[in-house]
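Good morning. I will go through the interfaces of one structure, between its chains and then inside each chain. Please have a look at the model before I start.

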Amino acid sequence: MKAFEYAAPATEKEVLQLLSPEPSRTEILAGGTDLVGLLKKLVVTPDRVVNIMEVESLKSIQVLPGGGVSVGTAVTLDVIAEHSCLDVYPAVRQAIHGINSMQLQCQGTLGGELLQRPRCWYFRQGRGLLSTEVETGANRLHAILGNSGPAKFVSCSRIAPALMALGAEVRVIGPGPNDEKRLPLADLFQTPQNNEERENTLLPNQLVTHIILPPVAGRTCATYEVRHGEGPEFPLAAAAAALRMDHRGVVETARVVMGQVAPIPWLSSEAEQVLLGRVVDERVAEQAGEAAVSRATPLSENTYKVQLAKVAVKRAILLAAGLDCGDFRSHARQIEELV
Amino acid sequence: MTDSRNKTGSSSGFNRRDFLRGSGAAAAAAAVQTQAAQAMQDSGPAIVRGSQKIALNINGSQHDVTVEPRTTLLDVLRHQLDLTGAKPVSADGSSGASTVLIDGKPATASTILALTAVGKKIQTIESLGGDNPDPVIQAFVKHDAQQCGFCTPGFVIAVRAFLNKNPNATEAQIREGLNGNICRCGTYANIVQAAVAVVKGA
């Protein structure tokens with residue numbers, strides 16, 4: 001690791017004072033599960049690391065008047081997963097469970113999970129976020145959507161699709177000491193077009209302090225990840241769905257967001273259009289999956305991801321509608337019940 | 001403070017005035033230990049650089065160590081305190097071999113900066129050994145749950161952490177709970193057997 005300065009401020013305002021307005025000069029440290037590895041590999045080489053884990057206001061989970069929940073970005077994932085306020089947002093809990101490592105869950109934070117750097121191995125080897133080697137290189141884990149520009153990596157957050165499907169917002173402070181705004185979580189992510197841009201829209205001296213989940217308002221939701229195995233590796237494709245259905249089961253509102261398929265969490269309006277006004281069954285869910293990947297442009301080695309993304313969307317929708325998604329876990333459950 | 005920083009012409013772009021005075025000296029060490037709890041002073045939050053003396057609470061006693069901001073907890077344990085149970089396998093913690101308990105929760109020491117561990121209770125694999133080893137260690141021996149042994153300390157402490165929280169865990173839950181640890185020899189079956197035996201009190 002390159003030598004750097006360290007500070008552990010106690011308040012949000014102090015954090016802002018410590019962050020440089022220049023890109024890459026300061027890095028924000030929370031759980032460290034991502035940043036410390038990047039520091040060791042010299043993928044990031046800041047002059048100063050600002051630890052936000054001593055800021056009490058970032059560690060709160062609050063149920064808001066009128067419904068909804070506000071979760072501080074320094075709350076660890078295990079705490080969130082166990083909190084009763086998540087009972088009505090099972091998609092978020094399923095996403096955290098999917099992370100599948102006690103250590104990552106106990107150490108990692110919500111803010112860190114959302115803003116972890118892409119897993120693209122070219123990036124992690126120090127070849128930059130927009131390496132031109134990806135297009136003809138080892139791109140089997142790269143993007144199948146939104147990949148027409150220089151960015152081929154995938155947004156790797158496990159929780160962002162669920163939060164976006166539920167219409168979460170984020171509270172961002174800075175760069176000025178009194179600057180504060182709320183924006184849709186979707187607006188936090190961007191597809192970088194040049195080497196000056198990162199995969200998020202934050203200025204170097206801005207901080208995400210809270211994620212605000214709106215009231216569930218009768219919606220149901222689910223996350224489904226397609227994984228290579230049961231281990232802690234990142235899924236190959238993922239989707240989250242949030243649906244509001246009337247008493248007959250007709251879909252009134254739908255939001256479907258895919259993960260691991262594009263440089264940003266990918267909101268699929270195509271899937272939404274298929275679902276609106278219809279009763280969810282396996283055929284409808286499958287059509288929504290097909291629609292979600294209809295514009296996919298896979299790279300040389302990742303055509304297989306199109307099918308996986310389609311299945312992820314289908315199964316997330318079925319689960320959100322309270323139906324059996326037909327995967328091996330539900331088969332295993334059925335066998336267990338028979339025995 | 002923000003204004004004054006903007007006016008500085010220092011090459012780093014930071015306001016050096018706010019740096020810990022006498023960094024590297026004993027005065028700085030005292031400041032590091034208390035900075036977390038300190039409310040913001042007029043001079044702004046403390047900034048640490050260079051070597052510092054800090055005290056870490058490890059296995060129930062205080063240890064004075066010298067660290068830089070970039071020093072990981074794993075390096076402190078292994079290189080300064082000769083607590084070599086936690087292993088350096090993966091830079092990013094993905095192997096779980098450096099697992100320790102921090103305030104009772106499992107975490108990978110390889111991804112923790114030592115400065116962030118000040119004021120926390122750190123428990124390493126060494127605390128489970130001794131003349132009367134933890135039942136998890138005994139079960140690992142009985143069920144032959146190691147081959148090369150490099151992942152074993154991380155696995156033992158992960159099993160301890162998981163069973164502390166889920167004392168009646170089923171085999172399936174144990175398998176899922178230990179996903180943050182990797183054994184390249186593939187001794188998983190015996191490790192799970194050992195953990196199941198601990199649950200059953202066998």
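First, a term: a polar contact is a pair of N or O atoms within 3.5 Å; within protein, one must be able to donate a hydrogen and the other to accept it, and residues adjacent in sequence count only if both atoms are side-chain atoms. By that rule, chain B and chain A have 11 residue pairs in polar contact, both residues at pLDDT 80 or more.

Some housekeeping. This is a predicted model, where local features need pLDDT of at least 70 and side-chain atom pairs count only at pLDDT 80 or more, while totals for chains, interfaces and linings use all residues. Residues are numbered from 1 along each chain as its sequence is written, chains are lettered from A and ligands numbered from 1 in the order in which they are written, and side-chain values use heavy atoms, with hydrogens and water left out.

Back to the two chains. Contact means heavy atoms within 4.5 Å, and 46 residues of chain B touch 42 residues of chain A in that sense. Buried area is the accessible area (1.4 Å probe) that two parts lose on being put together, summed over both. For chain B and chain A this is about 3600 Å², with 56% on carbon and sulfur atoms.

There are 2 salt bridges between chain B and chain A, a salt bridge being a side-chain nitrogen of Lys or Arg within 4 Å of a carboxyl oxygen of Asp or Glu. One of them joins Asp78(A) to Lys105(B), with 2.8 Å between the closest N and O atoms.

Which elements of chain B give two or more residues to the side that touches chain A? They are helix 1 (2-7), strand 4 (105-108), helix 5 (152-165) and helix 6 (171-177) of chain B. Helices (H or I, at least four residues) and strands (E, at least two) are DSSP runs, numbered from the N terminus. Strand 4 of chain B gives the largest share, 4 residues.

Now inside chain A. In the contact are 43 residues from domain 1 of chain A and 40 residues from domain 2 of chain A. Together these domains bury about 3300 Å², 61% of it on carbon and sulfur atoms. Of the area that domain 1 of chain A buries there, 24% comes from Ile144(A), Leu145(A) and Arg158(A), more than from any other three residues. Arg158(A) also forms a salt bridge with Glu225(A), at 2.8 Å from N to O, and the rule finds 1 salt bridge across this interface.

Last, chain B on its own. It is assigned domain 1 (2-6 + 15-127) and domain 2 (129-200). The contact takes 17 residues from domain 1 of chain B and 10 residues from domain 2 of chain B. About 1100 Å² is buried between them, 68% of it from carbon and sulfur atoms. Lys87(B), Leu101(B) and Ile125(B) supply 41% of what domain 1 of chain B buries, more than any other three residues. How many salt bridges lie between these two domains of chain B? The count is 0, whereas 3 residue pairs are in polar contact, both at pLDDT 80 or more.

That is the tour.

Definitions and conventions: Domain bounds come from an automatic or database domain assignment.
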